[in-house]
Amino acid sequence: MSETKHETQSATSTSLVARVEKNIDTGARAFRDRLRAFSGRQQLGMLASVALLLAATGGMFYLIFKPDMRVLLSGLEAKDAQQVEQELGAAGISYELSPDGTTIRVPASDLNKARLEVAGKGLPSSGRLGFALFDKPNWVGSEFDEKVNYQRALEGELERTIGSLDSVQSARVHIVMPHDSMFTDEQRAAKASVMLKLRHRLSDDEAASIRNLVAGAVDTLRPDQVTLVDADGRQSLGPKSAEAQQAAYEQALTDKLLATLEPIAGEGNVRASVTADFDSGSEDDLDETYDPTNVATLSMQRTEANSGGQTQPAGVPGTASNAPNVKPPVYPEQTSGPQSTRQESGTYAVSKHVRHHVLGPGRVRRITAAILINDREVTTGAKGARVVWQPRTTAEMQQLQMLAQATVGFDSQRGDQVTVENLSFLANAGQPQPGLATRLLDRVGSSATLLRFALLAMAFLLGLIFIVRPVLKQMQQWTSPVHTLTAGESRSAELPAHAGEMPLLDHTESLSEERQQAHAQVLFDKVAEYVRKEPAQSARLLQSWIHTSGL
């Protein structure tokens, strides 16, 4: 019983294999017949379609399974790039080197590991060294060599420090050290130049910070002696022009207005524009004022002389007059008359007031500000489901006007003007909700990985529609069975039989143009071959057709 069952299974498997082999042989024969039926140009087009399909499929699979590569290091020199490649290869981390040899990318999953490997080896080591120059003593160097090495080390340290800023990709620092001399004319202050390769624009505060950083590291170096240069030439890092300073001042006032009024009016409900008029000229006034009613004494000189009433000696000169303790003879006394002299001179002047007033360029001549305040947002309804915009009151607008004037430093004598108006913004009407397609595009655009797979899926669908489908349709036409004339049957009955089947084979209305041409070509070849081999039978068949049709 088991042997019978085994024989039955063997016979069934043998018949199944025979049927499969027969189907394969029939399909291969039909494919060859169909391929022969096409012209050389059509065959070349078919092969090109198949090659394009395979290439597109392989490209899509490559993009799908390709790892996400991230930048590990950029701006490398050739020596550093070679060392980093060796370290990554030794660590078993795959990498990609850019065509210019300056950027190395690694898979996102191995990025942290690669950074640790590279940092552990002290790479990259290009660029000027800092104070590591003094790690090894220089026993034969002169004092001049030590000064040069100190300058190189200082420049290297500054380059590394500036390069650590987020806005700076790389930096190059050149320093002119100060020169001391016994003579003042020969003394020279320090100067510095910094070349910056930026990732994005530097703000004024960041540029000032770099100047102060370099100036603080060098003796006698002032920040205004530090020159900053953008390597790409996209930003001017020198002294600001008058127009740039005016724009910065106007923007600062605008920001102050928004910061002051938005907490009251609501975020997004204030629009401000400020225009400042500066006086670019200078003014020097000298004013002298004299006061005739107020007289002041500048100098005074007086001289006085008095004389008179004094006894004058008299008598006969001689011994008696000159001897001591001798009473002189009595003679009448002689006295001189009184004398008096007084002289006075003075210098007087009126009061004088001198006022020297100097005004330099860049002072504000006038400020004009225009401020728009949106309506007030009011919610109505039981649960606040409805939003209504109402105009603001006069008292509220006056309060906002006073705040705006105080913010910009309003001066009526200067001619300043601050206008605050309450207007309804167009956004109050409400914007329509974005459609499904817009939301999907926004969602996809926010994720680079999702966008990548979406594009690949779209390309795959387009390939299926415009490449795979036509090729499969053509391959289906190639593998469809073709009725041929068999040589084993009787030639006398063969042609009439196939002639009777010809209406069954003629499905040209439902076939494509190429299929029709292939089908007609196969029938023509078979009929021509039969006529060439059996001319007599063909003649009798034609005669029977003619008599049958009544011709």
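Modeller: Gladly! Let's begin with a definition: a salt bridge is a side-chain nitrogen of Lys or Arg within 4 Å of a carboxyl oxygen of Asp or Glu. By this rule the count here comes to eight salt bridges. Please keep in mind that this is a predicted model, where local features need pLDDT of at least 70, side-chain atom pairs count only at pLDDT 80 or more, and totals for chains, interfaces and linings use all residues. Residues are numbered from 1 along each chain as its sequence is written, and side-chain values use heavy atoms, with hydrogens and water left out.

Biologist: Which residue forms a salt bridge with Asp-279, with the closest N and O atoms 2.7 Å apart?

Modeller: That partner is Arg-363. To place the two, you need helices (H or I, at least four residues) and strands (E, at least two), which are DSSP runs numbered from the N terminus. Arg-363 belongs to strand β12 (residues 363-373) and Asp-279 to strand β7 (residues 270-279), so their bridge ties together parts that are 84 residues apart in sequence. Asp-279 also meets Arg-365 in a salt bridge, at 3.0 Å from N to O. This second pair links strand β7 with strand β12 as well, across 86 residues. Together, Asp-277, Asp-279, Arg-363 and Arg-365 are linked in a network of salt bridges.

Biologist: How do I read whether Asp-279 is buried or exposed?

Modeller: Look at relative accessible area: buried means under 20%, exposed over 50%, and partly exposed in between (1.4 Å probe, protein chains only). Asp-279, at 17%, counts as buried. Arg-363 is partly exposed at 24%, and Arg-365 is partly exposed at 42%.

Biologist: Which residue meets Glu-396 in a salt bridge?

Modeller: Arg-376 does, with 2.5 Å from N to O. Glu-396 sits in helix α9 (residues 394-408) and Arg-376 in strand β13 (residues 376-380), 20 residues apart. Glu-396 is buried at 12%, while Arg-376 is partly exposed at 36%.

Biologist: Now a helix, please. Which residues of helix α4 are buried?

Modeller: In α4 (residues 111-120), they are Leu-111, Ala-114 and Val-118. They cover an arc of only 60° around the axis, which puts them on the same side of α4; the arc is that of the directions from the helix axis to the C-beta atoms. The face turned away from that buried side carries the exposed residues Asn-112, Leu-116, Ala-119 and Gly-120.

Biologist: What do the buried residues of α4 pack against?

Modeller: They pack against β1 (69-73), α3 (78-91) and β3 (104-107). Met-69 has its place in strand β1 and is buried at 17%. Contact means heavy atoms within 4.5 Å. Leaving aside neighbours within four places in sequence, Met-69 is in contact with Tyr-95, Glu-96, Arg-105, Val-106 and Pro-107. From Met-69 to Leu-111 is 42 residues in sequence and 8.8 Å in space, C-alpha to C-alpha.

Biologist: Last one: which helix gives the largest share of the lining of the second largest pocket?

Modeller: Rolling a probe the size of a water molecule over the atoms shows where empty space is left. On a 1 Å grid over the protein atoms alone, a pocket is an open set of points where a 1.4 Å probe fits, with protein on both sides within 12 Å along at least five of seven lines; lining residues have an atom within 4 Å of a point. Here, helix α5 (residues 143-163) gives the largest share, five residues. The lining residues of this second largest pocket include Phe-144, Tyr-150, His-179 and Asp-219.
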